[in-house]
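These are notes for a first reading of the model. Please keep the structure open while going through the points.

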Amino acid sequence: MQPFDDLAQIDKLLTTTKSVRRRLDLERPVARDVVTDCIRLAAYAPNASNAQEWRWVVVDDPDVRARAGEQYRKVLVPLVSTMLRNKEAAGDEAGARISRSILYLADRMGEVPVLVFPCYDLEAAARRYGAVLSPERAPTAMRSDQYASIYPAVWSFQLALRSRGLGSVLTTAHQEDQAAMAEILDIPISWDQTCLIPVAHVTGEDFTPSPRGPVADTIVWR
Ligand SMILES: Cc1cc2nc3c(=O)[nH]c(=O)nc-3n(C[C@H](O)[C@H](O)[C@H](O)COP(=O)(O)O)c2cc1C
């Protein structure tokens, strides 16, 4: 099998698809077709038994976005404000910068043109195993293999967005109260909201890679 012709482009995609918060363009609309195309591409990710038990809840209605954004902000701000204070007290400036960026986005989440909630349908998974899902367990019943059956697709979705000039960031703070968000989104509580991905065009020029430690420090050869 031949390798890809343009490895430089592919390596750039893999190293510069980073969390975009301050550079999300809140003014420019995002076409539904682009989002649909990226979700189509994401579906090629590995997932258990190829059951594809995902549901992509895509919110571009301004009123629903505003309410979902406010719910995210309400849950996130107390958590991350404490984290920020701890990082500042510890002199962790790099960590504090990330917390400030997270808070910046939280204040604007409802203004981001598209909010995508990749959900995992726990009821469909339970049916596949022939089990009955207990409703009260639904929001917390995600197992590691179920997360592993959607997070590869989430990353593919983010890569596909980046390849088309769009920015995104994987967020999870809303999971503290999935019931409240399910009500806003008008979706069943048995659809685990595995993350919330704000999607927008980006402002400014190109992206550089995020800081990462040396790969040799992370590999154990045997
Ligand atoms: C499981 C997980 C949860 C995350 N939750 C949040 C979040 O709630 N809000 C946020 O703004 N970023 C969140 N992030 C993004 C991380 O902060 C980010 O990936 C990390 O700082 C590395 O930066 P980079 O993606 O730009 O390389 C999350 C990332 C992961 C993988």
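1. Start at the ligand: an oxygen atom of the ligand is 3.0 Å from a polar backbone atom of T172. Another entry involves R212, where a polar side-chain atom lies 2.8 Å from an oxygen atom of the ligand. For Y72, an N or O atom in the side chain is 3.0 Å from a nitrogen atom of the ligand. A polar contact here is a pair of N or O atoms within 3.5 Å.

2. The ligand is surrounded by 13 residues, and the closest are S19, R21, L170, S210 and R212. A residue counts as near a molecule if one of its heavy atoms lies within 4 Å of it.

3. On the origin of the values: this is a predicted model, in which local features need pLDDT of at least 70 and side-chain atom pairs count only at pLDDT 80 or more, while totals for chains, interfaces and linings use all residues. Residues are numbered from 1 along each chain as its sequence is written, and side-chain values use heavy atoms, with hydrogens and water left out.

4. Helix 3 (residues 62-89) packs with helix 8 (residues 178-185) at an angle of about 175°, the axes being 10 Å apart. Helices are DSSP runs (H or I, at least four residues), numbered from the N terminus. Axes are lines fitted to C-alpha atoms, for helices over the stretch in contact, and angles run from 0 to 180 degrees between N-to-C directions. The angle makes helix 3 roughly antiparallel to helix 8. Angles under 35 degrees count as roughly parallel, over 145 as roughly antiparallel, 65 to 115 as roughly perpendicular, and the rest as oblique.

5. The contact (heavy atoms within 4.5 Å) is made by V64, R67, A68, Q71 and Y72 of helix 3 and by A180, M181, I184 and L185 of helix 8. By class, the contact of helix 3 with helix 8 has 7 nonpolar, 1 polar and 1 charged residues. Ala, Val, Leu, Ile, Met, Phe, Trp, Tyr, Cys and Pro count as nonpolar, Asp, Glu, Lys and Arg as charged, and the others, Gly among them, as polar.

6. How do helix 2 and helix 7 lie, and what angle do their axes make? The axes of helix 2 (residues 32-42) and helix 7 come within 8 Å and cross at roughly 135°, and the two helices are therefore oblique to each other. The contact involves V35, C38, I39, L41 and A42 of helix 2 and A153, S156, F157, A160 and L161 of helix 7. Its classes are 9 nonpolar, 1 polar and no charged residues.

How values were computed. A polar contact is a pair of N or O atoms within 3.5 Å; within protein, one must be able to donate a hydrogen and the other to accept it, and residues adjacent in sequence count only if both atoms are side-chain atoms.
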